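Subject: Structure for your files

Hello,

Here is the structure I said I would send. Please open it first; my notes follow below.

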Amino acid sequence: MKFYVRLAYYLAGFMLGMFFLMMVLNGKDSGCSYFPNARVLKDMRNKPFYYSDQAKLILLEKWVDTADVRRTLTFGDVDFDNSNVKVKGGKKYIIEGKTVLNQKISLELLNASDKVLLVDIKKL
């Protein structure tokens, strides 16, 4: 069998397999969180989220709001050098991100087994 015939059979089978794969996975909420940064952020987004009194006061200053916090929890970078520190009630994480106005912020979060507490918000 010539090369171009084998290539045609391979491509036809590959395309058919991709079509069936797309049919099976279409509409499912499946995601791939393989990297540590993505795993930590996904874990925090899937838990109930609470604000400390200090974080509520900072949010009242109007230079940052809850949309910026959620955006940072989606697209932010976890500072692993200062994070994953065990404290009473869970682990402390520092996440760096940006506001809608492109201002750099840092979130200090306490990740417990059943909830996430935003402890502090800082400008960078």
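Which residues does Thr72 touch, not counting residues up to four places away in sequence? They are Leu41, Ile95, Glu96, Gly97, Lys98, Ile105 and Leu107. Keep in mind that this is a predicted model.

Thr72 belongs to helix α4. The residue is buried, because its relative accessible area is 1% and the cut-off for buried is under 20%.

The space in the largest pocket comes to about 170 Å³. By residue type, its lining has five charged, three polar and two nonpolar residues.

Next, the nonpolar core. The largest one has 20 residues, and Met44, Leu109, Leu118 and Ile121 have the most contacts inside it. Helices α2 (36–45), α3 (53–60) and α4 each contribute two or more residues to this core, as do strands β4, β5 (104–111) and β6 (116–123).

Leaving out residues up to four places away in sequence, Leu109 touches Met44, Phe49, Leu73, Lys91, Lys92, Tyr93, Ile95, Val116, Leu117, Leu118 and Val119. Two of the residues named above for their contacts inside the core, Met44 and Leu118, are among these partners of Leu109. Ile95 is in contact with Leu109 and also with Thr72.

Regards

Note on methods
Residues are numbered from 1 along each chain as its sequence is written. This is a predicted model: local features need pLDDT of at least 70, side-chain atom pairs count only at pLDDT 80 or more; totals for chains, interfaces and linings use all residues. Side-chain values use heavy atoms; hydrogens and water are left out. On a 1 Å grid over the protein atoms alone, a cavity is a set of points where a 1.4 Å probe fits but cannot get out, and a pocket is an open set with protein on both sides within 12 Å along at least five of seven lines; lining residues have an atom within 4 Å of a point. Grid points are joined across faces, edges and corners, and a volume is the space filled by probe spheres set on the points. Ala, Val, Leu, Ile, Met, Phe, Trp, Tyr, Cys and Pro count as nonpolar, Asp, Glu, Lys and Arg as charged, and the others, Gly among them, as polar. A nonpolar core is a set of buried Ala, Val, Leu, Ile, Met, Phe, Trp, Tyr and Cys residues joined through side-chain atoms within 4.5 Å. Buried means under 20% relative accessible area, exposed over 50%, partly exposed in between (1.4 Å probe, protein chains only). Helices (H or I, at least four residues) and strands (E, at least two) are DSSP runs, numbered from the N terminus. Contact means heavy atoms within 4.5 Å.
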